Amino acid sequence: MDRAGIHCLIALFPLTEYIRKLVRIIFRNSRNYFIMPDQLSKRIFAELESLVLIDPHTHINPHSAASTTLADIMGYHYYTELAHSAGLPQEQIEEPGLDPKEKVGRLVKQLGDLDNTIQLSWLLDICCEFFGFEEEAITESNWEKLYDTAAEKMAQPDWEQQVLKQSGLEQVFLTNDFDDPLEGFDTNLYIPCLRTDDLVFHLGKQETRERLAKATNVDVGCAHTLRDAIAKLFDHFTSRGARACAISLPPDFSPTAVMPEEAEATVRSLYAGNELSCDESKLVSQYVFWTLAEYCAAHSLPFDLMIGVNRRVYEAGVYQGQDLYDKRTSLIQYKELFNAFPNVTFPVSVLTSTSNQELVSYSWIFPNVVINGHWWYSNTPAFITFDCKSRLEAVPKTKQIGYYSDMYKLEFALPKFRMYRRVLANVLASDFVIGRNWSEERAIELGKLVLRGNVETIFGR
């Protein structure tokens with residue numbers, strides 16, 4: 001019933017003035033209950049779909065950003081690990097020298113077991129939007145035609161630009177190795193980001209130390225020269241337009257302040273070629289990590305923390321299908337870091353809804369802790385919905401980076417962001433327009449803020 005109907009109802013019945021006022025109050029406070037939720041969500045989704053985006057975290061290779069065959073798309077670890085989980089042997093997926101078309105044919109045989117997954121819907125979205133595929137499923141009877149159609153389309157010289165335009169992407173953040181020369185690509189489109197896992201956790205490897213020396217021309221031999229080398233990395237990356245430093249962290253890592261004099265003997269021993277004990281390796285990792293945080297502060301760079309990954313849990317798994325989380329992860333381990341660097345923004349990603357509640361609380365309290373995306377095993381609509389609701393209702397709206405694609409090839413931005421935008425539109429419709437009497441326009445503005453506006457503000461330079 002609309003407003004006119006309410007007034008007719010009031011006029012028709014001999015209500016007391018008290019009841020008339022009560023009816024008006026009820027109507028005023030519940031005006032959005034008469035909205036059709038599905039239509040409202042669709043309108044909000046349409047507005048969010050029209051927004052041109054900045055993707056704040058990917059694994060794109062800027063020298064080969066778009067796919068060249070369907071194997072580049074179906075070789076994404078989600079499909080290989082799900083196919084392997086459903087019964088396709090690892091050696092058939094990762095056979096050395098395997099022809100791309102043959103690899104797709106092998107994976108297609110397993111797709112019927114995966115058609116319930118959101119990941120397969122991404123694949124169908126890609127094939128529909130980019131290659132004109134109109135069938136309900138990719139099967140053994142139609143995949144070869146799809147493969148050939150995709151190959152022909154991808155061979156077009158402007159394919160990368162087509163994908164960017166159709167996906168509505170303005171900028172794409174990268175994940176660059178610390179020794180990446182950052183040359184040969186447009187750093188205004190593909191934004192450099194200093195990834196530091198190897199420096200923090202693999203400095204004990206001779207190869208890593210050699211890479212650092214080659215990248216910086218610093219002859220490292222002690223804690224102070226190691227610090228000098230890290231300073232050179234930051235100078236190089238910021239001079240090429242880097243917008244963030246990033247690292248993925250295991251559940252048992254605890255950042256703590258380690259001064260150069262405390263690390264001196266251990267770093268000297270490491271560079272003398274000695275094998276370090278577990279405690280000594282931990283000390284070096286903490287020293288390097290703390291030094292990174294100090295240079296983030298010096299260069300006003302956000303420090304992306306992706307917390308909670310255990311590497312090589314399933315050692316017989318396919319490439320990138322070996323890592324898992326566990327519930328030991330706690331942000332209490334980062335309290336010293338967050339307190340010590342109030343001027344460094346820490347966009348934090350976590351892997352579980354229990355960790356999400358803790359992240360919501362930390363972002364609630366700490367001005368420098370920002371909620372970042374829906375990462376990895378939390379990147380399905382059921383978990384996104386739960387986590388999105390709790391974030392939007394508890395954390396300042398300016399401290400939320402709604403989503404990043406985490407993609408390896410450009411074609412995945414479209415289906416992944418579309419999935420998130422559908423969830424976000426539903427949450428905005430149900431919880432804000434209907435639940436809180438927000439106007440539709442106000443809800444859309446909130447959606448645009450977490451999708452794009454905060455990315456510009458938080459990572460802007």
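A cavity is a set of grid points where a 1.4 Å probe fits but cannot get out, and its lining residues have an atom within 4 Å of a point. The legends below describe close-up views of a predicted model.

**View 1. Lining of the largest cavity in the predicted model.** The structure holds three cavities of 30 Å³ or more, and the largest of these has a volume of about 70 Å³. Its lining is formed by Ile371, His374, Cys388, Arg391, Leu392, Gln400, Ile401, Gly402, Tyr420 and Val450. Two elements, helix H18 (381-394) and strand S9 (400-401), each give two or more residues to this lining. Helix H18 gives the most, with three residues. By class, the lining comprises six nonpolar residues, three polar residues and one charged residue. Cys388, one of the lining residues, is buried because its relative accessibility is 3%, and the limit for burial is under 20%.

**View 2. The stacked rings of Trp376 and Tyr377.** The count of aromatic pairs in the model comes to 28. In the pair formed by Trp376 and Tyr377, the ring centres lie 5.4 Å apart and the planes meet at 5°, so the pair is stacked; the cut-offs are centres within 6.5 Å and planes under 30 degrees apart. Trp376 counts as buried, at 12% relative accessibility, whereas Tyr377 is partly exposed, with a relative accessible area of 27%.

**View 3. A cluster of aromatic rings.** Ring pairs join Phe201, Phe253, Phe289, Phe303, Tyr334, Phe338, Phe346, Tyr362 and Phe366 into a cluster.

**View 4. Arginine side chains over aromatic rings.** The charged end of Arg442 sits over the ring of Trp438, at 3.7 Å from the ring centre. In another contact of this kind, Arg209 lies over the face of Tyr271, 5.6 Å from the centre of that ring.

View 5. Cys127 is buried, with a relative accessible area of 0%.

Methods:
Residues numbered from 1 in each chain as written. Predicted model: local features only at pLDDT ≥ 70, side-chain atom pairs only at ≥ 80, totals over all residues. Heavy atoms only, no water. Phe/Tyr/Trp six-rings, centres within 6.5 Å; stacked < 30°, edge-to-face > 60°. Buried < 20%, exposed > 50% of the residue type's maximum accessible area, 1.4 Å probe, protein only. Lys NZ or Arg CZ within 6 Å of the ring centre and 35° of its normal. 1 Å grid on protein atoms, 1.4 Å probe; cavity = no way out; pocket = protein on both sides within 12 Å on 5 of 7 lines; lining within 4 Å. Points joined across faces, edges and corners; volume = space filled by probe spheres on them. Helix = DSSP H or I, 4+ residues; strand = E, 2+ residues; numbered from the N terminus. Nonpolar A, V, L, I, M, F, W, Y, C, P; charged D, E, K, R; others polar.
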